[in-house]
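What does this chain look like from the inside?

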Amino acid sequence: MDTPPSASPLEEITVSVVVPFMGVFNNLVIYDQAVARNSFDSIRPELATGWQVSEDGKQVRFDLRREVKWHDGKPFTAADVRCTFDLLMEKGEAKLRRNPRGVWYENVEQVTSDNDFQVTFHLKQPQPSLLALLSAGWSAIYPCHVAPAQMRRHPIGTGPFKFVEMKSNERVKLEKNKEYWRPGRPYLDGIEFNIITNRATRMLAFTADRSDMTFPTDVTMPLYKDIMQQTPTAQCTVRPTGVTYNLIFNRDAAPFNDERARAALALTLDRKTLVDIISEGADVIGGAMLPPPAGVWGVGAEALADLPGYGPDVEASREKGRALMREAGYGPDKRLKLKVTTRNIASYRDLSVLMIDQLRHIYIDGEMELLDSAVYFNRLYQKNYLLVVNATGSSLDDPDQHFVENYGCNSPRNFNGYCDPELTKLIAAQSLERDVEKRRSVVREIERKLARDIVRPIFSHNVTAACRHARVRDLTIMVNSNYNGWRFEDVWLDQ
């Protein structure tokens, strides 16, 4: 893993935060940590003991667990839940530095603490996905009495592990919460997440038995084969991570304020070659959401074959792209030179090299610009870029999370500022729809619109392995999200 930008899950978007810090916190409800596939059926109570939904679907009431303590010894009450959602909905005096998931709760009118151990979510409209949003690894409950600035440096939670320290480029260290509300948990005395900037060195640390497990996004298909040759007793789970590789461009700056240049970007993509090289064919080509069989809502490439960049004849597509670039004023004698910005992580770098090669076919000469994580995310939020090779993690396999967070007009993670009234109506329509098949039909319409409008061209859905030594027991690697399975409270070492 790389150095987390901060220790505050409510403010960050990278897996380098949720993996080490999910164990510091609890949610109201959570996906069962022993079930590999996130689904409504696997949601269980956590800080809540149960919930009731009103007949009209507009009130969801949670009864809360008693005798829970924050890591500093103060009691947990309903006020903390209310404070957390006041933060997310930007209603209180305290403010988050960034609020990427505030848009999840735009349908929430208010959250009330009915008494010390009961809270009610008052919704503007019924929202079937609310429990899914509350179950995500990012949906940590924060204490009222700790300022957001402190949570970035020294988080206080109610979870199975207490924060000890975070040293840049060295480690994140957690220790067992001996007063955890769940009897007998956690089993581990502590966890250390070592920060090793070089991926090859991280793999050597694992195969040399100097670490118990790999970082869960680290092991590409070639590295997976190497690990199994060198350490045949390793236990590896190969699965989609809920992450897409994609292109983000600045729609307000030349040349990508010209729809012809945007279309040319989509038309030059050779997704199959990218997938074959990056993942030896394991990555999945599709739209914005994870396609079946791992995903519930997404569509595969066949459903998009008539849209820019998804057709089978790559050279024909590129010729259309070159024609559009010539119309926009570029050509073999006037090539466009630009920086291709990306995160200084091996998987991002590898993909950027290939993308720069594919840009050459439409008269674009790209130069890679590598940024450390904290700088990278700041640049995205500030829209200080021209073209970015990016990876977008979906916290949930649910349209309300993915579409609202990445394509909603007011979302901080809508990095290129695309805002379309028709899309807004479609996103709202699928959110209200209780019939699964009708909702899926609207989602497919959204997928086609995003591809047709070339909003954030998707290369592929990432497939990697997460590996651990056989002594690591009772760790379930989730197969349709990489962000919700890191409580670590049931994990133990057989040694």
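Strands here are DSSP runs of E, at least two residues long, numbered from the N terminus. The model is predicted.

**Tyrosine 245**

Tyrosine 245 is found in strand 10, which covers residues 235-249. Is tyrosine 245 buried or exposed? Its relative accessibility is 7%, so it counts as buried; the cut-off for that class is under 20%.

Leaving out residues up to four places away in sequence, tyrosine 245 touches Ile278, Asp283, Ser347, Leu351, Asn390 and Ala391, and also Pro457, Ile458, Phe459, Ser460 and Asn462. With asparagine 462 there is a polar contact, side chain to side chain, at 3.3 Å. Leucine 304 lies 59 residues from tyrosine 245 in sequence. In space, the two C-alpha atoms are 17 Å apart.

**Glutamate 165**

Glutamate 165 belongs to strand 7 (residues 161-167). Glutamate 165 has a relative accessible area of 17% and is therefore buried. Beyond its neighbours within four places in sequence, glutamate 165 is in contact with Arg171, Val172 and Lys173. With arginine 171, the side chains make a polar contact at 2.3 Å.

| Side chain | Partner side chain | Polar contact |
|---|---|---|
| Tyrosine 245 | Asparagine 462 | 3.3 Å |
| Glutamate 165 | Arginine 171 | 2.3 Å |

**The nonpolar cores**

Nonpolar side chains tend to be buried together in soluble globular proteins. In this model, the largest nonpolar core holds 136 residues. Which of its members touch the most others? They are Phe62, Phe85, Tyr105 and Phe121. Helix 10 (residues 346-359) supplies the largest share of this core, with 6 residues. Another core lies apart from it and has 8 residues, including Met203, Val219, Ile227 and Ala465.

Phenylalanine 121 has contacts well along the chain. Setting aside neighbours within four places in sequence, phenylalanine 121 is in contact with Leu28, Lys58, Gln59, Val60, Phe62 and Phe85, as well as Val108, Gln110, Val111, Leu130 and Leu134.

**A hairpin**

Strand 5 spans residues 108-115, and strand 6 spans residues 118-123. How do they pair, parallel or antiparallel? The pairing is antiparallel, over 6 bridges. A hairpin of 2 residues joins strand 5 to strand 6. Asparagine 115 has glutamine 118, in strand 6, as its bridge partner.

Note on methods: Residues are numbered from 1 along each chain as its sequence is written. This is a predicted model: local features need pLDDT of at least 70, side-chain atom pairs count only at pLDDT 80 or more; totals for chains, interfaces and linings use all residues. Side-chain values use heavy atoms; hydrogens and water are left out. A nonpolar core is a set of buried Ala, Val, Leu, Ile, Met, Phe, Trp, Tyr and Cys residues joined through side-chain atoms within 4.5 Å. Buried means under 20% relative accessible area, exposed over 50%, partly exposed in between (1.4 Å probe, protein chains only). Helices (H or I, at least four residues) and strands (E, at least two) are DSSP runs, numbered from the N terminus. Contact means heavy atoms within 4.5 Å. A polar contact is a pair of N or O atoms within 3.5 Å; within protein, one must be able to donate a hydrogen and the other to accept it, and residues adjacent in sequence count only if both atoms are side-chain atoms. Two strands pair if DSSP finds at least two bridges between them.
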